[in-house]
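Today I am looking up a few strands and charged pairs, and I will jot things down as I go.

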Amino acid sequence: MRQIINFIIRYKTSLLYFLLLFIALSFTVQSHSYHRSKFLNSSSWITGNIYEASSSVSSYFNLDEENEKLLEENMRLRKLLFNLKQPDSVALDTAGITYTVLSAKIIKNSYANPRNYITIDKGEKQGVEQDMGVITGEGILGIVENTSSNFASVQSILNTRSSINAKIKNTDYFGSLVWNTSNYNVVQLEEIPRLVPLFVGDTIVTGGNSSIFPENIPIGTIQKFDLNTSKSFYNIDVQLFNDMANLKNVYLINNINRPEILELQLETDNDQ
């Protein structure tokens, strides 16, 4: 208490000055509409900037939560897209659904080896199964090869063992998508016959002969092509939509009818 009294006595002149200044400003603001308006505008500006700064800080710390919400929304929209039978008809909760979709994050990615694999942060407990297709918002990425309780490894399309059914967009000409290890952002499309008209820049998408990927998932565009005269097929380089060295969020696609399709195909093969 004594320290407070000593402080007041020591700085009484300055304190009296600021008190009188405050009283004078108050009278001025109250008695003149112009000054009152300027004061209120200044107060609003200061308050607004404080709220904006506070909002920016809160938004920064909520980025992870917002990203999760966006992933969930994208997952729902992709489920709608993959199961769209008619332009005005979508059945989410009926037996007509063919594909389910999960979201995951990449925790390890390789792209410089002949056989590249990707590790994701979801596994059997989260519903991940072997042979699920893996895509990003830009295009296809690979196929689930192995799973553990909480993680899974994905065979990248940048893998010499990978072969995925693909076609030229808006046509029924399809072939096999492989990788020759030359460039981690370029893959090769094989078995497209020479009678097919091709143009640099044509879009390549997944074909309809796959039991893993829905048809028309983006892959990339034709970078260059030449004719293999000995086989009457084109050699086509496809520039991927994905930047294979910069990946984070992925979606896993499960064709729930796949076991039935494979069983039918096996029975057909055995009958031959």
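Predicted model: local features only at pLDDT ≥ 70, side-chain atom pairs only at ≥ 80, totals over all residues.

In what order do the 6 strands close into a barrel? I find β1-β2-β5-β4-β3-β12, with antiparallel pairing. From one strand to the next, the twist averages 45°; axes here are lines fitted to C-alpha atoms, for helices over the stretch in contact, and angles run from 0 to 180 degrees between N-to-C directions.

Residues are numbered from 1 along each chain as its sequence is written, and side-chain values use heavy atoms, leaving out hydrogens and water.

**Strands.** I take helices (H or I, at least four residues) and strands (E, at least two) as DSSP runs, numbered from the N terminus. Two strands pair if DSSP finds at least two bridges between them. I looked at β1 (residues 99–109) and β2 (residues 115–120), which pair in the antiparallel sense over 3 bridges. There I106 stands opposite I120 in β2.

**Q155.** I found Q155 in strand β5 (residues 152–159). Is Q155 buried or exposed? Q155 counts as buried because its relative accessibility is 14%; buried means under 20% relative accessible area, exposed over 50%, and partly exposed in between (1.4 Å probe, protein chains only). Beyond its neighbours within four places in sequence, Q155 has contacts (heavy atoms within 4.5 Å) that include N116, Y117, L141 and R161.

**Salt bridges.** How many salt bridges does the structure hold? I count 3, each a side-chain nitrogen of Lys or Arg within 4 Å of a carboxyl oxygen of Asp or Glu.

- D131 pairs with R258, the closest N and O atoms being 3.4 Å apart. D131 lies in the loop between β2 and β3 (133–135) and R258 in helix α5 (residues 258–271), so the pair ties together parts 127 residues apart in sequence. R258 is buried at 17%, while D131 is partly exposed at 29%.
- E215 meets K167 at 2.6 Å, N to O. E215 is in the loop between β9 (203–206) and β10 (218–228) and K167 in strand β6 (residues 164–168), so this bridge ties together parts 48 residues apart in sequence. I note K167 as buried at 7% and E215 as partly exposed at 41%.
- D237 meets K224 at 3.9 Å, N to O. D237 sits in strand β11 (residues 233–240) and K224 in strand β10, 13 residues apart.
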